[in-house]
Amino acid sequence: MSETGLEYGYCQKYNKKIPLDENTECVHPNEYCKFRPSCLINELGKENRRRKRAAMAQKMGTLYGIGVGPGDPSMITLQAIDCLKGLEIVFASKKAGVEESIAHTVVKPHLSPSAEVRFLEFKAIYDREAFDAIWAENARKVAEVLKEGKDCGYITLGDPSLYSTFSHLIRNLRKQEPSVRIEIIPGVSMVMAAANLLNVPLSIDGETLSLIPSAQIEPERLQELIRASDNLVFMKIPSDAQELIKRLEEEGLLHHAIWIQKCCLPGQRVVKELSLETLEEEQERYLSLMIVKKGGIVNP
Ligand SMILES: C[S@@+](CC[C@H](N)C(=O)[O-])C[C@H]1O[C@@H](n2cnc3c(N)ncnc32)[C@H](O)[C@@H]1O
Ligand code: SF4
């Protein structure tokens with residue numbers, strides 16, 4: 001029986017008698033219905049769904065999105081280490097075909113001996129639907145753990161809020177489990193690590209800064225973005241970076257550009273004299289970013 005004291009309600013659209021209790025739900029909640037604004041069944045259905053979500057949230061574990069820094073083992077935060085110590089299940093993403101997970105190497109010494117690391121595979125594809133399907137499946141794997149009432153972590157290089165797979169995971173997870181509890185532990189981003197490696201400020205006083213995910217920017221927009229800011233950081237450099245280098249050359253900025261490869265990792269390289277020729281040698285594009293400072297790369 002409902003709080004109104006009534007045992008039954010009436011669906012006017014489908015001429016149906018509906019019991020009013022904790023399972024009451026609108027006959028077709030996703031359909032247009034002109035009776036909806038004043039329908040008691042619909043109201044009770046909404047309240048029942050809200051209660052079930054709240055009860056589920058009470059039982060669910062928390063997902064921790066943990067930024068582990070740029071890959072240098074000394075650049076993981078104390079907060080991340082503390083969190084990792086207490087987790088029994090830690091997820092890490094893994095690009096299909098790539099053997100190692102740098103984030104996993106960084107966290108390994110900080111995990112409890114009984115902790116289990118589960119890898120979530122993904123492919124870097126630009127077909128939004130196919131990409132989302134991969135992350136919906138990965139989100140289901142995380143949701144399974146959370147629904148058992150267990151906390152778990154998801155480790156990501158740099159910071160979880162900057163071009164991280166963590167965003168794709170939680171977007172899908174929230175669709176599947178709207179009341180999921182998520183906490184984010186910030187990490188040192190590649191951008192900060194690279195800028196500090198050069199020993200120059202990334203931006204100063206009134207200067208502006210743009211982060212540009214090059215591989216995902218249309219060539220026509222590139223020029224506009226290059227002109228718009230005093231300082232530029234190019235990430236996600238495409239395998240064919242010649243277009244980008246040519247643009248910088250045209251804008252007279254190539255001598256203000258520095259290419260940083262494998263920042264904070266074995267094999268780290270800083271290339272200052274950029275040209276189409278030196279670019280041919282840069283194989284490891286995924287682990288590269290480029291900093292351009294229009295005022296010049298000089299120490300203040
Ligand atoms: C998916 S984004 C991840 C960014 C990360 N969440 C952060 O906070 O910096 C990956 C991009 O970061 C840059 N990157 C990642 N690792 C790097 C490294 N070791 N050295 C230089 N750039 C790197 C590359 O531009 C790459 O395309
Ligand atoms: S809102 Fe739902 S339950 Fe109410 S009349 Fe319409 S279809 Fe029936």
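Select helix α6, residues 190–198, in this predicted model. Helix α6 lies across β8, β9 (231–235), β10, β11 and β12 (288–293).

In what order do the 5 strands of the open sheet come? The order is β8-β9-β12-β10-β11, and the pairing is mixed. At the edges are β8 (209–213) and β11 (269–271), each of which pairs on one side only. From one strand to the next, the twist averages 20°.

Now zoom in on β10, residues 257–261, together with β11. These two strands pair in the antiparallel sense, over 3 bridges. Pick Gln261 and look across to β11: the residue opposite is Arg269.

Move on to the largest nonpolar core, which has 29 residues. Which of them touch the most other members? They are Ile66, Val68, Val90, Val142, Ile155 and Leu169. To see where this core draws its residues from, colour β3 (62–67), α2 (78–85), β4 (89–95), α3 (102–107), α4 (128–147), β6 (152–156) and α5 (165–176); each gives two or more residues to the core.

Centre on Ile155. Setting aside neighbours within four places in sequence, Ile155 is in contact with Ile66, Val68, Val90, Ala92, Ala103, His104 and Val107.

For the last stop, select Ala195, Phe234, Leu248 and Trp259. These are among the 27 residues of another core, which lies apart from the largest one.

Key: Residues are numbered from 1 along each chain as its sequence is written. Chains are lettered from A and ligands numbered from 1 in the order in which they are written. This is a predicted model: local features need pLDDT of at least 70, side-chain atom pairs count only at pLDDT 80 or more; totals for chains, interfaces and linings use all residues. Two strands pair if DSSP finds at least two bridges between them. Helices (H or I, at least four residues) and strands (E, at least two) are DSSP runs, numbered from the N terminus. Axes are lines fitted to C-alpha atoms, for helices over the stretch in contact, and angles run from 0 to 180 degrees between N-to-C directions. Two residues are in contact if their C-beta atoms, placed from the backbone, lie within 7 Å. A nonpolar core is a set of buried Ala, Val, Leu, Ile, Met, Phe, Trp, Tyr and Cys residues joined through C-beta atoms within 7 Å. A residue is buried if 20 or more other C-beta atoms lie within 10 Å of its own, exposed if 12 or fewer, and partly exposed in between; C-beta atoms are placed from the backbone.
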